[in-house]
Every structure is written in structure tokens, then in C-alpha cells.
Amino acid sequence: MAFWDTIVEFFQESGIAGFFADGGWKNLIMIVLALILLFLAIKKDFEPYLLLPISFGMLLINLPYAGKELFVTIKDEAGNITGYSGLIGYLYYGVKFGIYPCLIFLCIGATTDFGPLISNKKTMLLGAAAQLGIFITFIGAILLNFTPQEASAIGIIGGADGPTAILVTTNLAPHLLSSISIAAYSYMALVPVIQPPIIKLLTTKKERLIRMDSNVKPVSKRERIMFPIIVSIVVILIVPSCAPLIGCLMLGNLVKESGVVPNITHTLSNGLLYTVTILLGLCVGSTATAENFLTIQTIEIFALGIFAFATATAGGVLGGKLMCLATHGKVNPMIGAAGVSAVPMAARVVHKLGQEEDPENFLLMHAMGPNVAGVIGSAVAAGVLLLLFK
């Protein structure tokens, strides 16, 4: 009898029994969703570097009772969160304090070539125009009765920048972290699907056929070194709250362009980037519990997320059309769509569309200008939202 009692007790403590407890079916739904995301990351190559650890963290945390070993939220008597424990709980402090997103920006800076932007500085305006989606979506979220903090976190999805979305959400609406991060990275992976119809809708065939000057102005090493220094000073003086993101991004780029520390550049662009990425993804995925994720709000966030991407693309294209008009047809308005921060995917989409119209039309380098400008633009937009609502 004692042996049988031991078997029963073991079963009751196992994760299998958790599926039969109250709400166990929700865990099962989340596990299925995690497996679908794993399939998309592995089989369909949808942002695998982050979607794979996010979905695996989502899988782990929704295995019944596994959370007690991996991620425990410590609360005081009033119900306020005072800390975290467990393996992922300790790692989560890097998300809570904004360490991982800023480290990723440091690494991204070491891999980014701002040359196309420096050689054609007016494309900075297209990177700014594409941030329109952030603020229009912010207004839409307010109208749907989200708080200003929640609306800010949802709107930043339109920046097409995962680390920025995570940083803003962690600071302003941490309870929405899983929904917003998964929406942001899912839609980033779908940029080649989302953008082409919008670009074609807003441009004429004549505009898409415009060839831009192939003689790109050469950029000196001095200009490349001065760029991150000047951007840091000017942007951070105007929007101090974006200092963590812009500062790390520009430091990484300065390390690369200075050429005096090649080993650090190699570490940032390889080992550190991938290490921090997997830690960030695992922690974010582990916040996707059934309680947090299976809500009406999640559906609204995903709907607003696709709206944010669409309006960001539209804002960039419309900015491109204005620039085309101002330059008397010297700018192909499609490059404005690359103003979102999905580097280099958005630029490749523009280049591909250009070649579909004219196989000898090469827009990639021209599109990279607004594309890298979008990285700066999304960080500045995040700083503005943090400044207003934190």
C-alpha cells in the first residue's frame, strides 16, 4: 500500500498531472503554439536567431510545474514583485534592467555600415518618416482603451526593431512583454510578405522604374569615425532617454570604424551578439505563460502590430514620394519602405521589387541608407515614449 501511495504521490507531483488540473488545457494550447513557432523558426527560417529561443522558453515555462524550477516571481505581502529566482528568473534581470537589449545594440553597431547613410544624408528623413507607424498605432491603441504606457509598448512594434520593443515594453508595460515581443519578431520575419503589396499600392509603375544615381559618394574613414560621435552628442542632447540605445549602438559602430580593436569588433559581431540573443529570447519566451498570453489583449496587440508595420511602411513610401517630387524624379520612392529598422531585410525587399520592374535597376545600396537610419529612428522614438510616459 505504501508503494502504491508513493506512485500516486509521484504522479500528482509530475507535470502530466498538471494537464488535468484547473487551467491545464491552457498550458496545452501554449505548448502547441510554442511548437508552431519552433516549426516556423526551424523549417521556415522566420527570424530563427530570436524566435527559436523565444519559442523554446515558451515551451519550457508552460510545461506544468516547470515554472517552479525555472522562473519564480517573488512578491511581498501587498502583491508587489520584489525579485525573481530559478535559472531563468536570475537571467531575467538582464531583461528587467534593460541590459540585454542595450548589449544587442552594442553588437549591432559593430556590424552596421552607416556608409550609405553618410553618403546620402537626406535618406535620414526617410528613416524618420517610417516611424510614423509607431505614433499612429499609439493613438489607435489609446482609442482601444490601452493605457499610454501600454500604447507606447504596442506602438513601438512599428519600428521593426525587436530589442527596442523589448526595452520599451519592459519599462512601460512588462505584463505585455511576451505578446509584444512575439508579435514584433513574427512580423519582422514577415517583412517580405507585408511590404510588397503596400509599396505597389502607393507607387506607380513609372515611380518604381526610377533609376537612382549609381555614382555613390565615397565615404572617408574620418567621416565614418566622426559619424557615431556626432550622432551620439546631437541625438542624446535632444532626447536624453534614448542614451542607452543610441549610446551602445554608436559605441559599437565606433569600435568597428576606428579599426584599432579588431578583436573586440569580432567578439561583438559574433560571440557576444549570439550569446546575448539566446539569453534574451529564452527570458522573453519564459514570460509567455497561459495567464499572460491567452487574453483578448493579445489578439488586439497582434492586430495593432500588423497595423503598425503597415503604416510604418506606408509612412516611408509616402516620404519617398515627397522626396521624389522635391528632387524632380531622382529618388525612387520605394526606398522609403526600407526606413523600418528590419536590417537588411527591408532593403532587400525594395531591391527585389525594383529588379522585378527593371532587372538592371540596383536599389540595394540606396535602400540601405534609410534602412540603417531606421535603426536610429526607432531608438529615438523609443526614447521619446520613455521620456513622456515612464
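The protein chain carries 23 positive and 22 negative side chains, with the centres of the two sets 15 Å apart. Here Lys and Arg count as positive and Asp and Glu as negative, while His and the chain ends are not counted; each charge is placed at NZ of Lys, CZ of Arg, CG of Asp or CD of Glu. The model is predicted, so local features need pLDDT of at least 70 and side-chain atom pairs count only at pLDDT 80 or more, whereas totals for chains, interfaces and linings use all residues. Residues are numbered from 1 along each chain as its sequence is written, and side-chain values use heavy atoms, leaving out hydrogens and water.

**Overall fold**
- The protein chain contains 23 helices and two strands (DSSP runs of H or I with at least four residues, and of E with at least two, numbered from the N terminus).
- Its radius of gyration is 22 Å, close to the 21 Å given by the globule rule for 390 residues, so the chain is as compact as a globular protein of that length (taken over C-alpha atoms; the rule is 2.2 Å times the number of residues to the power 0.38).

**Burial and contacts**
- Of the 390 residues, 53% are buried (under 20% relative accessible area, 1.4 Å probe, protein chains only).
- Among contacts with a separation of 6 or more, 74% join residues 24 or more positions apart (heavy atoms within 4.5 Å).

**Gly89**
- Gly89 is found in helix H6, residues 87-91, and is buried with a relative accessible area of 0%.
- Leaving aside residues up to four places away in sequence, Gly89 touches Leu70, Phe71 and Tyr84.

Key:
Buried < 20%, exposed > 50% of the residue type's maximum accessible area, 1.4 Å probe, protein only.
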